[in-house]
Amino acid sequence: MAENSLPDDPVRLRGMTQRRRRAAGRREAAGTRFSRREAFALGGLAATGLGLAACGVSTAGQVASTGPPESAAQKFWAGQKKHGQVNFANWPLYIDPDHETLKLFTAATGITVNYAEVIQDDPSWFAKIDPIIRSGESIGYDVMVVTDEFEYFDLVARGELIPLDQSMLPNFRANASQKFQHRSFDPGNLYSVPWASGSTGIAWNPKFITTPVTSMNDLWNPAYQGHVGMMSDIQDIGNFGMLKLGINPETSTPADWRAAAATLTAQRKAGLVRQYYEQSYIDALTSGQTWITMAWSGDIFQQNLSSGSNLQFVIPKEGGTLWTDNMMIPKYAPNPVDAMTLMDWYYRPEIAAMLTEAINYISAVPAAQAVIASDARKASGSNKQLLDEVATSPLVWPSAAVYDRLHDYVDVSGKLEVEYKSIFNKVVAG
């Protein structure tokens, strides 16, 4: 199994001279905290002018522009065969360190995996692959992991993804929770299945706030003036503004966005917001610069685990955001059957458990929790403590009641993306 990208990887070859954005990391080892979301809050359009194309079928991994996606998928997959290899593009430090899950996959299926940590953030990744796909070429990868943000919707709208063969997802259908089988941004999992997820809620430092936080209104509490942290990620901050007003982000309209921006602007003008943060929000909260902040669940879990802090986290009663990094197959992928086999592999509970033990993000496979708990009983010392934390933390395993309060992002493809960004960029920019 190769650990680096392919020698003729067009994405890497075309991107070597470009300045990369700051990489989003993962927890590399006990005592070291990295975050999946570090590179987000990147404003501006990843690209302009959508060439809207319905998905149809061609040959050699192509999806042409005729017919509905369901019929296109059926025609496409009818002629595809296993090739015995798959090329997998992922984010850094977002898999088990020794890649045992991939080694077991190869042993079980005979499919070798070329695994490459080439995705540093969604905007720059999209900027690299979009012109390659639009020119009719393969990007060199069969599976890639992309977040359900602006770039995801652009890939779908431009017809740059291969609709999945649903018959090749038996583990997903049997083991994925219903929350991840019915997602507003990809009904029926037509184009994607989750790799891992996280939630955006509210965190607070109990050294400064002793009353448990329960409501979105706490971010607008005058008692915390100058000590409130808000995200610079405009999709997350947009969701929070809408949720405060009782608006469901998934079905929101431009009028709802403007109303949300108005309440967020009022929060800033009242002097409540100390700063609109990227990843540094976690340090500001730990040090006491902020007392309460928008936060990503994985960061709070890892910060408490690595530093012994006692930061608290909640999905407020009004709701929060569930964001997901998704496995998908880019157009012109040379090994789509092998890609489908790999994607479904990660929905075996024992494999999902290995991944979750390594990265500590929300798993779409509820049965993996029992596997991790069993591993914890067999472990000892610090490893046992870590596995116990992963097996029991509500930040890794949200309850049904919490899932009910978690919302996806609104689909803002096409001209809606320009309008959405123009509204919420003004909030963050001040």
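Q: Where does Tyr332 lie?
A: Tyr332 lies in the loop between S9 and helix H12 (336-345). Helices (H or I, at least four residues) and strands (E, at least two) are DSSP runs, numbered from the N terminus. This is a predicted model, in which local features need pLDDT of at least 70 and side-chain atom pairs count only at pLDDT 80 or more, while totals for chains, interfaces and linings use all residues. Residues are numbered from 1 along each chain as its sequence is written, and side-chain values use heavy atoms, with hydrogens and water left out.

Q: Ok. Is Tyr332 buried or exposed?
A: Tyr332 counts as buried, at 12% relative accessibility. Buried means under 20% relative accessible area, exposed means over 50%, and partly exposed is in between (1.4 Å probe, protein chains only).

Q: And what is phi of Tyr332 near?
A: Phi of Tyr332 is near 75°, which is a positive value in a residue other than glycine. Leu93 has a positive phi too, near 55°, and is also not a glycine. Leu93 has its place in the loop between S1 and helix H3 (100-109), and with a relative accessible area of 27% Leu93 is partly exposed.

Q: Back to S9. How many residues of S9 are buried?
A: Nine of the nine residues of S9 are buried, so S9 is largely enclosed by the rest of the structure.

Q: Which strands does S9 pair with?
A: Strands pair if DSSP finds at least two bridges between them. S9 (residues 320-328) and S3 run antiparallel and are joined by four bridges. S4 and S9 are antiparallel as well, with seven bridges. Strand S10 (residues 406-407) runs parallel to S9, with two bridges.

Q: Which residues stand opposite each other there?
A: Met144 is opposite Met328 in S9, and Val146 has Asn326 in S9 as its bridge partner. Pro194 also stands opposite Asn326. At S10, Leu406 is the bridge partner of Gly320.

Q: What about S3, which way do its residues point?
A: Val143, Val145 and Thr147 point one way from S3, and Met144 and Val146 point the other way. In a regular strand the side chains alternate between the two faces of the sheet. Five of the five residues of S3 (residues 143-147) are buried, so S3 is largely enclosed by the rest of the structure.

Q: In what sense do S1 and S3 pair?
A: Strand S1 (residues 85-90) and S3 pair in the parallel sense, over two bridges. Ala89 has Met144 in S3 as its bridge partner.

Q: What lines the largest cavity?
A: The lining has 15 residues, and Trp195, Tyr346, Leu355, Ser363 and Ala364 lie nearest the centre of the cavity. The elements giving two or more residues to it are S4 and helix H13 (349-359). H13 gives the most, with four residues.

Q: Which residues of H11 are buried?
A: In helix H11 (residues 297-307), the buried residues are Ser297, Gly298, Asp299, Ile300, Phe301, Gln302 and Gln303. Gly308 follows H11 and has a positive phi, near 75°.

Q: Last one, Gly226. Which residues is it in contact with?
A: Leaving aside neighbours within four places in sequence, Gly226 is in contact with Gly271, Leu272, Arg274 and Gln289. Contact means heavy atoms within 4.5 Å. The C-alpha atoms of Gly226 and Arg274 are separated by 4.8 Å, and the two residues are 48 residues apart along the chain. Gly226 is found in the loop between strand S4 (193-204) and strand S5 (228-231), and counts as partly exposed at 23% relative accessibility.

Notes:
1 Å grid on protein atoms, 1.4 Å probe; cavity = no way out; pocket = protein on both sides within 12 Å on 5 of 7 lines; lining within 4 Å.
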